Amino acid sequence: MQVTKPDGVTVTDAQGCVALPDWGVLSAEGPDAASFLHAQLTQDIVHLDAQHARLAAWCTPKGRMLMSAVVWRPEPERCLLALPASRVAPVLKRLAMYVLRAKVRLRDASSEWAVHGAVGAAVPAVLPDGWWSAHTDDAGRLWARLPAGAGVPRALLLRPTAADAPPCQPLAAQTWAWLQVMSAVPFVTEPVVEAFVPQMLNYESVGGVHFQKGCYPGQEVVARSQFRGTLKRRGALLQVDGPVQVGQEVYHPSDTEQPAGVVADAAAQPGTEGVWHAVASLQIAALDGQPLRVGGPQGPAAHVLPLPYPLRDDL
């Protein structure tokens with residue numbers, strides 16, 4: 001795969017905290033909370049402990065992602081899922097249909113927890129290195145280390161609304177959004193619900209899929225995509241010469257009639273004029289180094305950048 005890497009896409013001095021009002025929290029409580037989620041999500045929740053978080057997806061029986069979330073298990077009988085706020089209500093409604101006799105209570109806990117992003121020096125030193133490590137501080141705040149964006153350390157924080165916010169300098173929401181895109185780990189939002197199998201966003205390479213945990217909705221499709229060579233799309237990081245929106249289609253010059261991919265996340269690069277970055281799920285055949293177009297065959301030009309992590313082939 002050929003890529004283009006223009007100068008000026010690495011930021012090392014970004015730091016601070018930002019509230020994320022567009023994120024919400026779903027709570028699962030009860031003796032069967034972990035086992036219930038374990039049977040629904042792409043991740044091992046039964047063996048999750050308080051020192052780790054998990055990136056997980058919830059899929060349809062056809063393997064298409066309905067939700068992606070960061071999962072904590074601060075107590076044996078309680079799990080908390082942080083996810084885009086627009087997905088909390090529809091996921092809660094649909095997930096509740098599968099509870100049946102399981103001893104678990106699902107509810108929207110967004111009013112009880114505030115979600116924050118932390119960058120650079122604002123990431124606590126006690127939070128262990130390594131993606132998805134977790135820490136609970138003395139104020140009951142839950143931290144999870146996220147993949148870095150443009151080389152900058154990042155963490156997600158769940159703060160009890162009764163607890164004080166962490167003492168750190170404010171961070172611009174635009175900076176957080178851009179660093180999230182630059183991490184190349186997108187979360188499912190409304191425009192792309194049911195658009196992707198997890199590997200189409202590289203979830204198997206960033207800790208979002210556990211292939212030995214057993215069955216869950218869509219598991220056969222996800223496993224077949226991984227082990228039988230049927231996957232035809234991959235997540236790619238793009239630099240775009242103009243505004244981009246989630247859900248826009250991406251076109252390759254070899255075919256202006258049929259799109260070669262879909263944008264999963266996008267943000268403007270802070271401090272620049274008209275430079276945007278995006279994560280798109282693209283046909284592998286379109287990753288040949290030729291300029292792409294976003295939004296239409298005559299839309300803004302886009303170039304593929306190197307991913308900030310390797311794609312796994314050792315599963």
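## Second largest pocket

The second largest pocket is lined by 20 residues, with Gln43, Gly207, Gly208, Val209 and Arg312 lying nearest its centre; a pocket here is, on a 1 Å grid over the protein atoms alone, an open set of points where a 1.4 Å probe fits, with protein on both sides within 12 Å along at least five of seven lines, and lining residues have an atom within 4 Å of a point. Its volume is about 280 Å³, a volume being the space filled by probe spheres set on the points, which are joined across faces, edges and corners.

This is a predicted model, in which local features need pLDDT of at least 70 and side-chain atom pairs count only at pLDDT 80 or more, while totals for chains, interfaces and linings use all residues. Residues are numbered from 1 along each chain as its sequence is written, and side-chain values use heavy atoms, with hydrogens and water left out.

## Largest pocket

About 370 Å³ of space lies in the largest pocket, whose lining of 16 residues has Asp22, Trp23, Ala177, Gln180 and Asp265 nearest the centre. Two or more lining residues come from each of α3 (173–182) and β13 (261–268), these elements being DSSP runs numbered from the N terminus (helices H or I, at least four residues; strands E, at least two). Helix α3 gives the most, with four residues.

## Barrel and helix

Six strands close into an antiparallel barrel in the order β11-β14-β13-β12-β15-β16, where two strands pair if DSSP finds at least two bridges between them. Within β13, Val262 is the bridge partner of Glu249.
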